[in-house]
Amino acid sequence: MLKGRLLLCWAAGLVVGFVAAWLLLAASARSGSTMVARSGRLLGVPVLAAGVLQRADRSPFLRGLTLERSPLAKDEFERRVLGVIAELERGPWYANVPQRDGRFLRQITEAIAAQYVVEIGTSSGYSGLWFALALKRTGGKLYTHEIDPERIRIARHNFRKAGVEDLIEIIPGDAHQTVLRHEGPIDLVFIDADKPGYPDYLEKLLPKVRPGGVILAHNMRRPAPSPEYVEAVTTSPELETTFLFMDAAGMAFTIKKR
Ligand SMILES: C[S@@+](CC[C@H](N)C(=O)[O-])C[C@H]1O[C@@H](n2cnc3c(N)ncnc32)[C@H](O)[C@@H]1O
């Protein structure tokens with residue numbers, strides 16, 4: 001009952017906010033008066049922003065709570081890596097994962113104490129840096145595949161700058177061929193390259209993943225995922241899959257059952 005009323009208030013507030021913002025912005029655009037234009041912009045833009053933020057936070061119970069904050073460095077090593085991560089976040093963007101996804105990559109890698117991590121799609125090394133934060137603690141290594149020589153050059157530079165080059169090996173070339181070099185056991189695979197290629201990567205790497213190991217696949221919402229991949233990870237009795245971050249790019253989180 002209370003929840004219903006709160007939702008009604010939220011919806012009414014949203015509608016009023018958007019209408020007010022629209023009227024103020026329209027008035028400011030039409031008006032010849034600088035004062036009306038300025039006050040229209042001054043009031044309209046924040047109201048519109050508040051409306052958008054309110055829409056993003058659908059639960060009235062979360063109002064006033066900050067859930068996502070900037071990552072905090074525990075020590076000098078993390079400060080250096082997070083510094084490079086922050087630089088990359090200022091751009092240019094090379095189709096890297098969002099920060100939330102990167103943080104999750106670090107969390108899961110550290111949680112399962114991964115020693116052998118395989119990434120398909122290095123790009124500029126943004127996700128690789130998140131893996132490195134975990135691998136420094138677990139004593140593991142990231143083997144990351146990339147086909148584009150220019151991106152390899154940029155990633156190398158970023159890994160050196162962050163001081164994590166010892167934790168990461170970049171494997172150049174077409175990953176459809178180069179993944180065959182892994183003998184396993186692999187603790188974690190992260191697939192984030194050519195979307196139609198996901199089923200092939202899964203087929204080639206799954207036998208090398210240890211029981212209890214993890215397979216993550218990025219872009220399960222956008223760009224469109226491979227239907228064959230989704231089918232493969234959701235219909236096998238050997239696997240258990242859930243879908244994360246589906247309000248953004250989306251990620252499939254699969255474990256190979258023990
Ligand atoms: C979405 S980006 C990876 C982003 C990266 N994981 C990050 O978050 O920083 C995809 C990358 O996969 C690479 N790629 C595409 N097809 C590939 C292939 N067949 N073999 C290796 N790399 C490939 C692209 O060159 C591109 O840099």
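Analyst: A nonpolar core is taken here as a set of buried Ala, Val, Leu, Ile, Met, Phe, Trp, Tyr and Cys residues joined through C-beta atoms within 7 Å. Please keep in mind that the model is predicted.

User: Which element gives the largest share of the largest nonpolar core?

Analyst: The largest nonpolar core has 50 residues, and those with the most contacts inside it are Leu129, Ala132, Val189 and Ala217. Its largest share amounts to 8 residues, and the element that supplies them is α5.

User: Leaving aside neighbours within four places in sequence, which residues are in contact with Ala132?

Analyst: Ala132 is one of the residues with the most contacts inside the largest nonpolar core. Once its neighbours within four places in sequence are left aside, the residues in contact with Ala132 are Val81, Leu142, Ala162, Val164, Leu167 and Ile168.

User: What is the handedness of the crossover from β4 to β5?

Analyst: Strand β4, residues 186-191, is mostly covered, with 6 of its 6 residues buried. It pairs in the parallel sense with β1 (residues 116-120) over 4 bridges, and Val117 stands opposite Leu188 in β4. Strand β5 (residues 209-218) also runs parallel to β4, to which 5 bridges join it, and Ile186 has Val209 as its bridge partner in β5. Between β4 and β5 the chain passes through helix α8 (residues 198-205), and this β-α-β crossover is right-handed.

User: Which elements give two or more residues to the shell around the ligand?

Analyst: There are 20 residues around the ligand, of which Gly121, Ser123, Tyr126, Ser127 and Ala175 come nearest. The elements that contribute two or more residues to this shell are α5 (126-138), β2 (141-146) and α7 (175-178).

User: How many residues of the shell around the ligand are charged?

Analyst: Sorted by class, the shell around the ligand holds 6 nonpolar and 8 polar residues. The count of charged residues in this shell is 6.

User: What is the omega of the peptide bond from Arg222 to Pro223?

Analyst: Pro223 is found in the loop between β5 and α9 (227-235). The peptide bond from Arg222 to Pro223 is cis, with omega near -15 degrees.

Conventions: Residues are numbered from 1 along each chain as its sequence is written. This is a predicted model: local features need pLDDT of at least 70, side-chain atom pairs count only at pLDDT 80 or more; totals for chains, interfaces and linings use all residues. A residue is near a molecule or strand if its C-beta atom, placed from the backbone, lies within 6 Å of it. Ala, Val, Leu, Ile, Met, Phe, Trp, Tyr, Cys and Pro count as nonpolar, Asp, Glu, Lys and Arg as charged, and the others, Gly among them, as polar. A residue is buried if 20 or more other C-beta atoms lie within 10 Å of its own, exposed if 12 or fewer, and partly exposed in between; C-beta atoms are placed from the backbone. Two strands pair if DSSP finds at least two bridges between them. A crossover is right-handed if, with the strands pointing away from the viewer, the path from the first strand over the helix to the second runs clockwise. Two residues are in contact if their C-beta atoms, placed from the backbone, lie within 7 Å.
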